[in-house]
Amino acid sequence: MKIKYLIFSGCIFLLAACATPQMTSPKDWQAQRDWKTFDASGRLGVKINDKGSYANFDWTRANGVETIDVNTPLGNTVGQLCRDAEGVLAVDSNGKLFTANTPAELSEDLLGYNLPIEHLSVWANGEWVSDVAHGFTVDGKLQQLGWTISRTLNEDGTPRILLLENDKLTLRMVFTEISRSAGLPEKQERCAARI
């Protein structure tokens, strides 16, 4: 049951078939910026203690609302995670609603430990979280908040793979599509599940 919620929350945690992947180096990381929109889809895998699970995801951010829909490879909905100015919520495949003030609280409640849900899009964009200590490994991986984060890029500089590792789990996101636009939201909306 927890693996289901791990994938579910983990998407709260993205493959161009013809692109030649490039590993990032410290110079490829930069300070956190504001992004008005962020749209991505792909596959994610979560591995805990040599047990893995996989799912597809659709990830959007617009008007101050970030939503991740998690689906099985056959297209069945596992659940949805949504974050807005009021906090974070998750809806499972049975329609059960879970709420929390922060993504850290939600993942702690559902899984028993904290996943860096609120920072996934920052790291996917090749940025470190502002106002939080960070460093780099000799091979160019970002180290922050107890995670080692690496990215593989497409030739156009967009992320192909985002990989997060710590002593408890590995989260791998393979992106099939990604687009984004810089700036601040024009208005603040609410998660659809709150309405």
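**Entry 1: second largest pocket**

I began with the second largest pocket, where β3 gives the largest share of the lining, five residues. The model is predicted: local features need pLDDT of at least 70, side-chain atom pairs count only at pLDDT 80 or more, and totals for chains, interfaces and linings use all residues. Residues are numbered from 1 along each chain as its sequence is written, and side-chain values use heavy atoms, with hydrogens and water left out.

I noted the terms. A pocket is an open set of points on a 1 Å grid over the protein atoms alone, where a 1.4 Å probe fits, with protein on both sides within 12 Å along at least five of seven lines; lining residues have an atom within 4 Å of a point. Strands (E, at least two residues) and helices (H or I, at least four) are DSSP runs, numbered from the N terminus.

At least two lining residues come from each of β3 (35-48), β4 (51-62) and β14 (169-182). Among the lining residues I found Arg 43, Tyr 54, Leu 163 and Arg 172. The volume is about 200 Å³, a volume being the space filled by probe spheres set on the points, which are joined across faces, edges and corners.

**Entry 2: largest pocket**

I then looked up the largest pocket, with about 300 Å³ of space. It has 18 lining residues, and Gln 32, Asp 34, Trp 35, Arg 61 and Arg 83 lie nearest its centre. The elements that give two or more residues to this lining are β5 (65-71) and α3 (120-124).

**Entry 3: aromatic rings**

I counted four aromatic pairs in the structure. Rings of Phe, Tyr and Trp (its six-membered ring) pair if their centres lie within 6.5 Å; planes under 30 degrees apart are stacked, over 60 edge-to-face, and the rest tilted. Phe 57 and Trp 59 have ring centres 6.4 Å apart and planes at 70°, so this pair is edge-to-face. Phe 57 is buried at 2% relative accessible area, and Trp 59 is buried at 0% (buried is under 20%, exposed over 50%, partly exposed in between, with a 1.4 Å probe and protein chains only).

Trp 128 and Phe 136 are also edge-to-face, at 6.2 Å centre to centre and 75° between the planes. Phe 136 is partly exposed, at 31%. I also listed one aromatic cluster, formed by Phe 38, Phe 57, Trp 59 and Phe 175.

**Entry 4: whole chain**

Last, I noted three helices and 14 strands in the protein chain. Of its 195 residues, 47% are buried.
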